[in-house]
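Please consider the following notes alongside the sequence and the model.

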Amino acid sequence: MKMPKPMDESYKLFIDGKWVNGKEGKTFKSFCPSNGELLAVCAEAGKEDVDKAVKAAWKAFETWKDVSPQERSGLLLKIADLIDANKEKLAMVETLDNGKPIRETMNVDVPLASDHFRYFAGVIRAEEGQAVMIDKDTLSIILREPIGVVGQIIPWNFPLLMAAWKIAPALAAGDTVVIKPSSATPLSLLEMAKLFEKVLPPGVVNVITGAGSTTGQYLLDHPDLRKLAFTGSTEVGYSIADAAAKKLIPATLELGGKSANIYFPDCPWKKAIEGVLMGILFNQGQVCCAGSRVFLHEDIYDKFLKETIAEFKKVKVGLPWEKDTTMGSQVNDAQLKKILAYVEVAKKEGATVACGGVKMTGKGTESGCFMTPSILSDVKAKMRVAQEEIFGPVVCFIKFKEEAEVIRMANDSEYGLGGAVWTKDINRAFRVARAIETGRMWVNNYNNLPAHAPFGGYKKSGIGRETHKMMLEHYTQKKNIFISLSEEKVGFY
Amino acid sequence: MGNKGKIVMITLQTNVEDIVNDYPQAITYGIENGVSFVFCVGAFPTSLGDLLRIKKFADPNAFVKGLNEYLIKNPEK
């Protein structure tokens, strides 16, 4: 099947409801990682453009903050409907720009993105303040108020969905937004901005594109933001936290992970093996909560490994726009180089490449950044490949004997984002899930990320949460109105 | 693009994005020596010195010296 090309040849910046060229006239190119073809040329936002976007967002905030929840909810629902109506196009743009298979963008990225807007449209209709009588003459009212203009930076692994995770709760809360996608995958958000243009007042959402070192840094350095929100790596997370601290504003950070996927002998066998694939091959392993450390009880290690290898070998790696492809391309050559370098590190450390471990060749993948689904066996918990985020379809198999031992090994990580435990013993499932130091633990499933379950990290995996109605707390501030209902003098002076 | 005809001289002040763009083979050196230059938002957006500081490198200068030597020995194919 020939590669479709549903995107525009070029994109401008979306500022104040208008599509504008960058002031400096600079551009960058977005390529398809599956075959190296040029997809589109995008404007690079300079310092003045970022400033213009922040000013537009403030101007829009003056009226957006007072739009009623009913009306805001209605607008979010319209956005959701437009995303659904443009599902095929958005899915294909994402597939081509990112390399992820069309079956994922059609069934996960796009539907979850529209559902996010729908979820927050519902949440704000049910939101209420609080009131309490402090004593018989004193009333305390607590109201949520929007923060103002939020600067948001999102990664390349789920460009459309991460944009929805960021934008939907911010708009629901009454904030306005300046958002920057990764320069590796700007196109789906730019396409979504065309939908915003049809629904939202000018300036409520502003999309700026460009490199992290220029556009991203200008946004971080801008003095007029009231909050930063970032999804990305722990290393870059330090820079975001630093920028927020210098401005004395809050930041929510959803960062890296090295999640433990723990298997006991009584696991639901077939589903459990599928859980390894769900954990590490979904999105080509480019998932911050990927189940990249598989801990297997010694009683099932050999059989489980053998059967998982067989399943990995059945995975169809191929051109992501073809419907029967189950694993697509890594996002770019740099990421592929990183993954392959980690395989070499694993070998030097004494791990065994049980399957894969090399770049995919043949079957039309010659010009792309395709990796084979890979299992590293004989891995010890202290090895670098079991501690560092590879961010690819490479899973480490680690043997354990006792429950306490696997909890200790799973927690021996600077990260604390996700993980799973597979067992039919409900007591053990609950015990282990509670003991693992992460923000999310799945039991007998993996990589489910619905809008109404909170997601975020312990330890170096982040600050704050994404998804769930608790996001409104991150995007609002509390106003306390403290009322004396008495006209009598206090009598203190 | 590669680095044909360029004199390799990376310093702690060099932007990591520039390193990745001009010398993609540096990614392999980085991983071999304990640091990734690329992440899920793209290449690290500030200097190599900043990145090595975050990663708590004991001897950043030795890392840079080794990187320059590696790039001379391993020009991008």
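1. Axes are lines fitted to C-alpha atoms, for helices over the stretch in contact, and angles run from 0 to 180 degrees between N-to-C directions. Helices (H or I, at least four residues) and strands (E, at least two) are DSSP runs, numbered from the N terminus. The model is predicted: local features need pLDDT of at least 70, side-chain atom pairs count only at pLDDT 80 or more, and totals for chains, interfaces and linings use all residues. Residues are numbered from 1 along each chain as its sequence is written, and chains are lettered from A in the order in which they are written.

2. In chain A, helix α4 (residues 102-126) packs against helix α5 (residues 159-173) at an angle of about 10 degrees, and their axes are 9 Å apart. The two helices α4(A) and α5(A) are therefore roughly parallel (an angle under 35 degrees).

3. Where α4(A) and α5(A) are in contact (heavy atoms within 4.5 Å), the residues of α4(A) include A:H116 and A:F120, and those of α5(A) include A:L161 and A:W165. This contact has 14 nonpolar residues, 1 polar and 1 charged. Ala, Val, Leu, Ile, Met, Phe, Trp, Tyr, Cys and Pro count as nonpolar, Asp, Glu, Lys and Arg as charged, and the others, Gly among them, as polar.

4. α4(A) also gives the most to the lining of the second largest pocket, with 5 residues. The lining of the second largest pocket has 16 nonpolar, 6 polar and 5 charged residues.

Technical notes:
Heavy atoms only, no water. Parallel < 35°, antiparallel > 145°, perpendicular 65-115°, else oblique.
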